[in-house]
Amino acid sequence: MPSWKTHIFINLIIFLFWLKLLFLLRPETGIFYVVVISLFAVIVSVFPDIDTNKSRVRNWLALILAVMMTILYLINFNLSEWYSVALFFTVSYCVIRFFPTHHRGFTHTLNFSFILSLILFFITYFFLRTDILTSFMTFIILFVCYSSHLILDRIIKIQD
Ligand SMILES: [Zn+2]
């Protein structure tokens with residue numbers, strides 16, 4: 001299995017080319033958007049390995065995803081009940097971290113790559129209020145980053 005560093009490094013190169021293209025098409029793109037998409041790109045680069053208990057990727061992803069879900073929860077629900085927020089965070093983290101999974105299962109498929117990219121497309125479209133072209137570009141880069149992980153896993157078949 002290529003290490004998480006390899007996945008992030010390869011995707012960083014792809015991402016920089018994509019960024020260049022985005023700025024050619026949309027020179028007015030804001031820095032906040034770029035920061036959010038960079039974060040998404042890093043997450044999707046290693047996301048497929050969330051199904052392995054051996055790697056440290058899962059610890060980090062569980063933490064990052066639980067924080068993001070808790071932020072969404074805070075935005076949508078009552079702030080005063082801090083214990084429900086703490087409970088929500090703990091449960092989300094534990095489910096992502098410890099749910100038994102089979103390595104190279106459904107998260108290592110193109111279908112899942114498509115679905116996750118689509119979800120992130122809708123998130124950027126509705127929450128960041130990007131125009132349709134930028135959102136479409138977002139979908140493309142996330143799908144490419146995610147899928148590059150799957151391709152790299154197939155090319156480098158080192159035992160894991
Ligand atoms: Zn993998």
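This is a predicted model: local features need pLDDT of at least 70, side-chain atom pairs count only at pLDDT 80 or more; totals for chains, interfaces and linings use all residues.
A residue is called buried when its relative accessible area is under 20%. Pro2 sits in the segment before α1. Leaving aside residues up to four places away in sequence, Pro2 touches His7, Leu152, Asp153 and Ile156.

Asp49 and His108 link distant parts of the chain, being 59 residues apart. Asp49 belongs to the loop between α2 (31–46) and α3 (57–76), while His108 belongs to the loop between α4 (82–98) and α5 (110–127). Both are hidden from the surface by the same cut-off of 20%: Asp49 is buried because its relative accessibility is 3%, and His108 is buried because its relative accessible area is 11%.

Helix α2 deserves a look of its own. Its 16 residues should span 22 Å at 1.5 Å a residue, and the end C-alpha atoms are 23 Å apart, which agrees. The buried residues of α2 include Tyr33, Val36, Ile37, Phe40 and Val44. Among the elements that cover the buried residues of this helix are α1, α3, α5 and α6.

The largest nonpolar core has 29 residues, and Trp18 and Phe47 have the most contacts inside it. At least two residues of this core come from each of α1, α2, α3, α5 and α6. Helix α2 gives the largest share, with 9 residues.

In one of them, Phe15 and Trp18 have ring centres 5.3 Å apart and planes at 35 degrees, a tilted pair. These two residues are 3 apart in helix α1 (residues 4–25), so about one helical turn separates them. Phe15 and Trp18 are both buried. Phe121 and Phe122 form a pair with centres 5.1 Å apart; their planes meet at 75 degrees, so this pair is edge-to-face. Phe121 is buried because its relative accessible area is 13%, whereas Phe122, with 41%, is partly exposed. Both Phe121 and Phe122 belong to one aromatic cluster, which also contains Phe114, Tyr125, Phe126, Phe139 and Phe143.

A last detail concerns the backbone. Most residues other than glycine have a negative phi. Arg129 is not a glycine, yet its phi is positive, about 50 degrees. Arg129 is found in the loop between α5 and α6 (132–155). With a relative accessible area of 70%, Arg129 is exposed.

Key: Residues are numbered from 1 along each chain as its sequence is written. Side-chain values use heavy atoms; hydrogens and water are left out. Rings of Phe, Tyr and Trp (its six-membered ring) pair if their centres lie within 6.5 Å; planes under 30 degrees apart count as stacked, over 60 as edge-to-face and the rest as tilted. Helices (H or I, at least four residues) and strands (E, at least two) are DSSP runs, numbered from the N terminus. Buried means under 20% relative accessible area, exposed over 50%, partly exposed in between (1.4 Å probe, protein chains only). The expected span of a helix is 1.5 Å times one less than its number of residues. Contact means heavy atoms within 4.5 Å. A nonpolar core is a set of buried Ala, Val, Leu, Ile, Met, Phe, Trp, Tyr and Cys residues joined through side-chain atoms within 4.5 Å.
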